[in-house]
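I open these notebook entries with the structure itself.

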Amino acid sequence: MKKGMLNFTTKTFAIFFVILFVASNLMAQSIYERPQIKELIDRVNTYQLNHPWKEYDDNWIRGTYYAGVMACYFATEDKTYLEQTDKLCTSLKWKVPTLPPVHPASGANLLTVGQSMIQSYMAKPEKSKIRGVIDHLDNPNLRNPKGNPHQWYYENGTRYVDALFTGPPTLAMLYNVTGDQKYSDWMDAMFWDVYGKLYNTDTNLFYRDKRFFPSNKNGKKIVWSRGNGWAMAGIARILEYLPMEHGNYKRYESVLKSMAAALKECQAKEGFWYPNLANPDHAPFKETSGTSFFIYGLAYGINNGILNKEEYLPIVKKAWKSVTDEISKEGKVQWGQLVGDQPVNLSKDDSHEYVTGTFLLAASEMYKMNLKGK
């Protein structure tokens, strides 16, 4: 080979690798920009609409999915998402499910889909949209704060952390739109009771329920990722609708800050949080539902001046990259732990409607952040 040809070949390869490097960087950056985020939102939502887990559901699974749908409506102002939500709520006759006052299932979970009804009312006020939720809470013959004041939000006789997403945000939203103090009082009573029993002030994270309190028999802690995701996302939604002058606003804000600092320390190198925050080797799998919840809470904190952007933006960006890498070409949010109450092994194919909801919540705050050029 002649010397000139060698130089030409070397230069060609050098140029090729520079182009490849720049192209890969541009591709990586695009996931933080609004057009790409909106494309992901549309693709994920379309997939989920076409692959419902069952035809009818009025409880927390579909309720969590639609919490994400409405969050994307408010972020993007795409009326398609409001119309989709109104269609669901109309099919449910704008009512939440009911249970008798004494029942092993949670009364907090019953309120999940009520969040979307109230948010639809916020978008286009019609009293019929919130009448069902209000009537539900005013009925002393149902599992609610009137029918069972002290344990309405328990599950199988015990407090559990997931309820901090399903119950208190609904009450915060009702307080926001009605100004009725009882909703704020019920919210505070429930949240701070669960917090007082399940929050570990040493780690600034929640146990899922009392079964997982540390004991002398087992030195290894189990701190469920999605359980803490339910809590962090719930706090973000409370803060979104609770007036800043409310007596406990700063207290809720403080918990979000403390959890954020704790999560910063246990994020995996590739951006995920593994199912057991206290022991990544327990179930050493990437997991999108807990991670998406954390993106949502952290990004909400950044977007609203609660968390320091310089400190937490790299964490959010790394996590967002890790989750978006697991969206299939069709729009399925993969690696989402199935229904459960503790860390377990999972597979790439695992997903559910609530997993989609957690991603859409995260995407809504990423869309608001709009990191182009930053």
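Against which helices do the buried residues of α5 pack? I found that they pack against α3 (60–76), α4 (79–91), α6 (128–138), α7 (163–166), α8 and α10 (225–241). Helices here are DSSP runs of H or I with at least four residues, strands are runs of E with at least two, and both are numbered from the N terminus.

**Entry on the source.** I noted that this is a predicted model, in which local features need pLDDT of at least 70 and side-chain atom pairs count only at pLDDT 80 or more, while totals for chains, interfaces and linings use all residues. Residues are numbered from 1 along each chain as its sequence is written, and side-chain values use heavy atoms, with hydrogens and water left out.

**Entry on the whole chain.** I listed 14 helices and two strands in the protein chain. The chain has 374 residues, and 56% of them count as buried (under 20% relative accessible area; exposed is over 50%, and partly exposed lies in between, with a 1.4 Å probe and protein chains only). Its accessible surface is about 16,700 Å², with 53% belonging to carbon and sulfur atoms; the areas come from the Shrake-Rupley method with a 1.4 Å probe, and for residues only the protein chains shown count as cover. Among contacts (heavy atoms within 4.5 Å) with a separation of 6 or more, 71% join residues 24 or more positions apart.

**Entry on α5.** I returned to helix α5, residues 112–123, which is largely enclosed by the rest of the structure because 10 of its 12 residues are buried. The buried ones include Thr 112, Gly 114, Ile 118 and Tyr 121. With α8 it packs at an angle of about 25 degrees, the axes lying 9 Å apart. I take axes as lines fitted to C-alpha atoms, for helices over the stretch in contact, with angles from 0 to 180 degrees between N-to-C directions. The two helices, α5 and α8, are therefore roughly parallel (under 35 degrees; over 145 is roughly antiparallel, 65 to 115 roughly perpendicular, the rest oblique). Among the residues making this contact are Gly 114, Ile 118 and Met 122 of α5 and Pro 169, Met 173 and Val 177 of α8.

**Entry on α8 and α9.** I then followed α8 (residues 168–178) to α9 (residues 181–198), where the angle is about 160 degrees and the axes are 8 Å apart. This makes α8 roughly antiparallel to α9. Their contact includes Leu 171 and Tyr 175 of α8, with Trp 186 and Met 190 of α9.

**Entry on α9 and α11.** I recorded an angle of about 35 degrees between α9 and α11, with axes 12 Å apart. Met 187, Asp 188, Phe 191, Trp 192 and Tyr 195 in α9 meet Arg 251, Tyr 252 and Val 255 in α11.

**Entry on Asn 279.** Is Asn 279 buried or exposed? Asn 279 lies in the loop between α11 (249–266) and α12 (288–303), and at 19% relative accessibility it counts as buried. Leaving aside residues up to four places away in sequence, Asn 279 touches Lys 220 and Lys 221.

**Entry on α14.** I checked the span of helix α14 (residues 353–369): at 1.5 Å a residue its 17 residues should span 24 Å, and the end C-alpha atoms are 25 Å apart, which agrees. The expected span is 1.5 Å times one less than the number of residues. In α14, 16 of the 17 residues are buried, so this helix is largely enclosed by the rest of the structure. Asn 370 follows α14 and has a positive phi, near 45 degrees.
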